[in-house]
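I opened the model to look up its fold, its helix faces and a few single residues. My notes follow in the order in which I checked things.

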Amino acid sequence: MLMCHCTGATDRAVRNAIRNGAATTDDVRQACGAGGRCGGCRPAIESMIDGESVRRHAANNAVNMTSGSNDS
Ligand code: FES
């Protein structure tokens, strides 16, 4: 799905940028160009950064819970 109409960057490109370490809209812009022109897509990029952060924390908690149960 097209996420940035100015650059043609897709949601997949933005998600990949975030999963590869982009933590701010500037990081995403540098990684794939999204958000680098009019800025209209930046709120959506910020939402995706927040969503990926929540997903990462949930995954880490699941791993910690699993490893905790293996320790006993
Ligand atoms: S829609 Fe992304 S910079 Fe304009």
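I took helices (H or I, at least four residues) and strands (E, at least two) as DSSP runs, numbered from the N terminus. On that basis I find three helices and two strands in the protein chain, in the order β-β-α-α-α along the sequence. This is a predicted model, where local features need pLDDT of at least 70, side-chain atom pairs count only at pLDDT 80 or more, and totals for chains, interfaces and linings use all residues. Residues are numbered from 1 along each chain as its sequence is written.

**Overall dimensions**

I looked up the extent of the chain next. The C-alpha atoms fill a box of roughly 55 × 20 × 15 Å along the principal axes. The radius of gyration is 15 Å, whereas a compact globule of 72 residues would have one near 11 Å. That radius is taken over C-alpha atoms, and the globule rule is 2.2 Å times the number of residues to the power 0.38.

For burial I used C-beta atoms placed from the backbone: a residue is buried if 20 or more other C-beta atoms lie within 10 Å of its own, exposed if 12 or fewer, and partly exposed in between. Buried residues come to 24% of the 72 in the chain.

Two residues are in contact if their C-beta atoms, placed from the backbone, lie within 7 Å. Of the contacts between residues at least 6 apart in sequence, 40% join residues at least 24 apart.

**Helix α1**

Which residues of α1 are buried? I find Val14, Ala17 and Ile18. They lie on the same side of α1 because they cover an arc of only 100° around the axis; the arc is that of the directions from the helix axis to the C-beta atoms. A reminder to myself: an α-helix has 3.6 residues a turn, so residues three or four places apart point the same way. Exposed Arg12 and Arg19 sit on the face of α1 turned away from the buried side. After α1 comes Gly21, with a positive phi near 120°.

Ala13 is also in α1, which spans residues 11-19. Ala13 counts as partly exposed because it has 19 C-beta neighbours inside 10 Å. Setting aside residues up to four places away in sequence, Ala13 touches Cys32 and Ala34. Between Ala13 and Gly35, 22 residues apart in sequence, the C-alpha distance is 12 Å.

**Helix α2**

Helix α2 covers residues 25-32, and its buried residues are Thr25, Val28, Arg29 and Cys32. Seen down the axis, these fall within an arc of 100°, so they line one face of α2. Gly33 follows α2 and has a positive phi near 90°.

I then checked Val28, which lies in α2. Is Val28 buried or exposed? Val28 is buried, because 29 other C-beta atoms lie within 10 Å. Beyond four places in sequence, the contacts of Val28 include Val14, Ala17 and Ile18, as well as Ala34 and Ile45.

**Nonpolar core**

A nonpolar core is a set of buried Ala, Val, Leu, Ile, Met, Phe, Trp, Tyr and Cys residues joined through C-beta atoms within 7 Å. The largest one has 14 residues, and those with the most contacts inside it are Val14, Ile18, Val28, Ala34 and Ile45. At least two residues of this core come from each of β1 (2-4), α1, α2 and α3 (42-71). With residues up to four places away left out, Val14 touches Met3, Ala9, Val28, Cys32, Ala34, Ile45 and Met48.

**Helix α3**

Last, I looked at Thr66, which is in α3. The C-alpha atoms of Thr66 and Arg55, 11 residues apart along the chain, are separated by 17 Å.
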